[in-house]
Amino acid sequence: MNMIPDFKSIATKSPWIYRINAGSCNGCDVEMATTALIPRYDIERLGCQYCGSPRHADIVLISGPLTTKVMQAALVVFNEIPDPKVTVAVGVCPISGGIFRESYSVKAPIDQYFPVDVNVPGCPPRPQAIIEGVAKAIEIWRERM
Amino acid sequence: MSTQLTTLLAVFLFPGGLFALVLGLSLKGLDRRVAARLQGRIGPPLAQPFFDLVKLGFKRTMVPATASQPVFLGAPLVGVVSMLVAVALVPVSGLYSPDPMLGNLIVLLYLLMVPAIVLMIAGSASTSPYGALGFSREMTLMLAYEAPIVLAVLAVALRTGMGQGGVITFSLTDIIAYQRSHGMFLLDPVMWPALAAFALFFPANLGIIPFDIPEAETEVLEGPLLEYSGPALGLFKVMSALKAVVVLSLGIALFMPLPFDGIWGLVGWLVQLAVLMEIGVTVVRLSMGRMRIDQAFGFFLKWPLLLAIASVVTVTIVA
Ligand code: SF4
């Protein structure tokens, strides 16, 4: 019986990350890509791996203010991600709409539609902040296992 | 001990099954770690592939509504089983030689093609358009690399067979025994074209950059694996870990078996595996970009095929 929690903490060492671009200006996406990929801010040391398919993902990073056009698609992709999953909203856009907040075609704040667990504010956030957001998400994920 | 029992042990314990699984996953971990270090990163812990596997065990397996469930879930099982048998078919110099009852080099070559076929079946059973794209790419690639590898292996078999006074031998145990008494084929210039063809086949069969075209995650979203999640995806990871061991140790058996016995044979074999993994996988995949499928197809029908044909011809002439 004692083995089960052990396996859970082993399992949380392997969070796979998936990005959903919900109408982002690409600033946040560039930061996310550099966070994981460039040598300086190495997120792979937490065991993270970017995956191409939503079915493989554990932690979802959503960026952008959720435009009307992209909303349905984003929700469909989000529902394809198997449980247990954790949602991280990257940038100030998902929180309030950011620089797009008065726009007619923007649905922010996105927590009306997605169960956001961690917010990483900033426009765009610094890579360190995104890594901290992912680290927080891993803790939440451990509880959900 | 009865032969059945030894064979079962070979398939499930050593060198197949558990041992090969741990070995394959460790090699993958080593690959990721060294890759990170070469890029100036810290990289994941060595045991990362084990963590990944445990994690996948906790996730839910989703089956697409339009997919054919038995085929979708059966495909990874077939792949893992074929690889388990394949590991048990590759002898380790001075340590292990498979029961002839289990099969020979020809059976092994067939089994080596099973993972590609399984991926094709998985891709088409998932009914995803990306899976279908992966299917067609996997098939094109397989058609391209199959001829060179068969010819390269044939060259080795001919060389050994003729060296032993016969015509051809398809027993890997004989091939190793021959090299142990006559020197490795690695040091034999006649065998270099075959070795080169095998070296080019190797990244394509393992599906790493520059030949990871069927599973390119930025182009076809991991192709056949797109719809897999949870334990089913874990089985695919197990399959590819086992496959790395099979292909690497086949390369060692064909070209560079060490003349040691017992514990030194084991240590030497493990070192060989690790070094080949680093040179053949990590460095290659970090220093190249992905080819297009038509480029890869043209490439394989040019260089490896020519090299393989040249090797068969030279071996026949020399002997
Ligand atoms: S938060 Fe700023 S950088 Fe990020 S998507 Fe919004 S506008 Fe772009």
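In this report, helices are DSSP runs of H or I with at least four residues, and strands are runs of E with at least two. The model described here is predicted.

**The two chains**

By that definition, chain B has 11 helices and zero strands.

| Property | Chain A | Chain B |
|---|---|---|
| C-alpha box along the principal axes | roughly 55 × 30 × 20 Å | roughly 60 × 50 × 45 Å |
| Buried residues | 50% of 145 residues | 53% of 319 residues |
| Contacts joining residues at least 24 apart, among those at least 6 apart in sequence | 82% | 78% |
| Accessible surface | about 6,800 Å² | about 12,900 Å² |
| Share of that surface on carbon and sulfur atoms | 56% | 73% |

**The contact between the chains**

The size of an interface is often given as the accessible area lost when the parts come together. Chain A and chain B bury about 2,500 Å² between them, and carbon and sulfur atoms account for 57% of this area. On the chain A side, A:E44, A:R55 and A:H56 lose the most area to chain B, together 26% of what that side buries. The contact draws 30 residues from chain A and 30 residues from chain B.

One residue of chain B illustrates this contact. B:D52 lies in helix α3 of chain B, which spans residues 48–58. Leaving aside residues up to four places away in sequence, B:D52 touches A:S14, A:W16 and A:Q49 in chain A, and B:R32 in its own chain. B:D52 has a relative accessible area of 6%; residues under 20% count as buried, and B:D52 is therefore buried.

**The ligand surroundings**

The residues around the ligand are A:S24, A:C25, A:G27, A:C28, A:G91, A:V92, A:C93, A:I99, A:F100, A:G122, A:C123 and A:P124. By class, this shell comprises eight nonpolar and four polar residues, with no charged residues.

How values were computed:
Residues are numbered from 1 along each chain as its sequence is written. Chains are lettered from A and ligands numbered from 1 in the order in which they are written. This is a predicted model: local features need pLDDT of at least 70, side-chain atom pairs count only at pLDDT 80 or more; totals for chains, interfaces and linings use all residues. Side-chain values use heavy atoms; hydrogens and water are left out. A residue is near a molecule or strand if one of its heavy atoms lies within 4 Å of it. Ala, Val, Leu, Ile, Met, Phe, Trp, Tyr, Cys and Pro count as nonpolar, Asp, Glu, Lys and Arg as charged, and the others, Gly among them, as polar. Buried means under 20% relative accessible area, exposed over 50%, partly exposed in between (1.4 Å probe, protein chains only). Contact means heavy atoms within 4.5 Å. Accessible areas come from the Shrake-Rupley method with a 1.4 Å probe; for residues, only the protein chains shown count as cover. Buried area is the accessible area (1.4 Å probe) that two parts lose on being put together, summed over both.
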